[in-house]
Amino acid sequence: MRAPAGIALALALAGCNLDNSVGYIEIKALPSSAALALYLDSVRLDPPRNGNALLRQKVGLSKLQTDGEGGYLALLCTIDVKKNRITSVTVSTASRQPRCQCGRTGGTDAGGNRTCVG
Amino acid sequence: MIGSAACNVARIPGLFWAALLGCVLAFGSTAGLAQADKPELRTADEEFSKQLSELKRTFADLSKKFEDSAQTIDRLNSAEAARKEIEELREYVGRLLAAVADNGMVWSLGTKALRRADEKLKALETETRYKEEDRQFLIGRWRELKAATEDAIKELEGARKEFAELLRKLQTNEDFIDELLQIQEHQRAIEVIHGLTDGIRDASDKLKKLLTAIKTPGA
């Protein structure tokens, strides 16, 4: 009886995510006047005031995206949000293709998959 | 069918139900929080002023906590204990940032209050029901309210920048202390920790200044 009860408890606890930890993402637009549509995990962000935005975000990986071709979202970078830490990202539109510049990058980036860490 | 379902339910261990109840209670509490985020009874500007007053109380509390923390860190001789203290400080700074973040409650209410002031002013410009002097009085009051809201938002914007810098400083120092501990440089780690106290005291002073600088619109 004990084993099934333990399994049931584990399943029930796994089913409800009690971790409400949050961290912060600072997005800087370069140049600050750049009008670029940004999405954080598909949620469209308000244009940053004075080119700066600070967002509270659940701990974990979040995708920073922009409008891509054919109505799809194009991934700029992945942001690793850590509890009570701030991850800084600069979105540069100096070149034709908008790019993410991380304050600090993850050590395991491959190709275009850039991960910014806090 | 119903009978068999009831029978199956009866077989589910009590612990499962206890855990499920825990889930429901936890969800209930977060749902309650989400509801508290939505101003229902008050208008956006009233709610913004209320939240701003609460934020100022938080600033006062945290300013005191920062001072206490600076004193504690000054006396610390253990790098591990200092790391704990810094972690706690990050939590405090996080609370401030949560309030003033773009998707935070105070900030959202501030922008809503501004939008409302703009809408009211636009509506009053074309209002024909009131006497001209009454209409001008209302326009004047809404302009004052809008200016006060803009000032408060500007102060919050400044606060946000300061808190973000402080959080960055704390986490960078924490990482550096970690690196030092990995190479057994305890003394150097303690020097870095003691060097942090000026920054923390400075944050406390800035919070105190903010308390006097932020005026609650309509108060």
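Author: The following dialogue treats confidence, then the sheet, then the helices and cores. Please bear in mind that this is a predicted model.

Reader: What ipTM and pTM does the model score?

Author: The ipTM is 0.73 and the pTM is 0.72.

Reader: Which elements of chain B have the lowest and the highest mean pLDDT?

Author: Chain B as a whole averages a pLDDT of 77, and 80% of its residues score at least 70. Among its elements, helix H2(B), residues 14-37, has the lowest mean, 40, whereas helix H5(B), residues 105-125, has the highest, 91. Two stretches of chain B stay under 50. Over residues 1-12 of chain B the model has two contacts beyond four places in sequence; over residues 15-41 of chain B there are 19 such contacts.

Reader: Let us turn to the sheet. In what order do the strands of the open sheet in chain A lie?

Author: In general, strands of a sheet pair through backbone hydrogen bonds, either parallel or antiparallel. Here four strands of chain A form an open sheet in the order E4-E1-E7-E8, and the pairing is mixed. Strand E4(A), residues 52-58, and strand E8(A) stand at the edges with a single partner strand each, so one side of each has no neighbour in the sheet. Neighbouring strands are turned by 30° against each other on average, direction ignored.

Reader: How many bridges join strand E1(A) to E7(A)?

Author: Seven bridges join E1(A), residues 22-30, to E7(A), and these strands run parallel. One point of reference is Ala29(A), whose bridge partner in E7(A) is Val91(A). By contrast, E7(A), residues 86-92, pairs with E8(A) in the antiparallel sense over four bridges. A hairpin of six residues joins E7(A) to E8(A), and Thr90(A) has Gln101(A) as its bridge partner in E8(A).

Reader: Which residues touch the most other members of the largest nonpolar core?

Author: This core has 51 residues, and Phe48(B), Phe66(B), Leu156(B) and Phe163(B) touch the most other members. The elements giving two or more residues to the core are E1(A) together with H3, H4, H5, H6 and H7 of chain B. H6(B) supplies the largest share, twelve residues. Beyond its neighbours within four places in sequence, Leu156(B) is in contact with several residues, including Phe48(B), Val100(B), Trp107(B) and Ile214(B). Another core, of 17 residues, lies apart from the largest one, and its members include Ile27(A), Leu40(A), Leu64(A) and Val91(A).

Technical notes:
Residues are numbered from 1 along each chain as its sequence is written. Chains are lettered from A and ligands numbered from 1 in the order in which they are written. This is a predicted model: local features need pLDDT of at least 70, side-chain atom pairs count only at pLDDT 80 or more; totals for chains, interfaces and linings use all residues. Side-chain values use heavy atoms; hydrogens and water are left out. Two strands pair if DSSP finds at least two bridges between them. Axes are lines fitted to C-alpha atoms, for helices over the stretch in contact, and angles run from 0 to 180 degrees between N-to-C directions. pLDDT is the predictor's confidence in each residue, from 0 to 100. Contact means heavy atoms within 4.5 Å. A nonpolar core is a set of buried Ala, Val, Leu, Ile, Met, Phe, Trp, Tyr and Cys residues joined through side-chain atoms within 4.5 Å. Buried means under 20% relative accessible area, exposed over 50%, partly exposed in between (1.4 Å probe, protein chains only).
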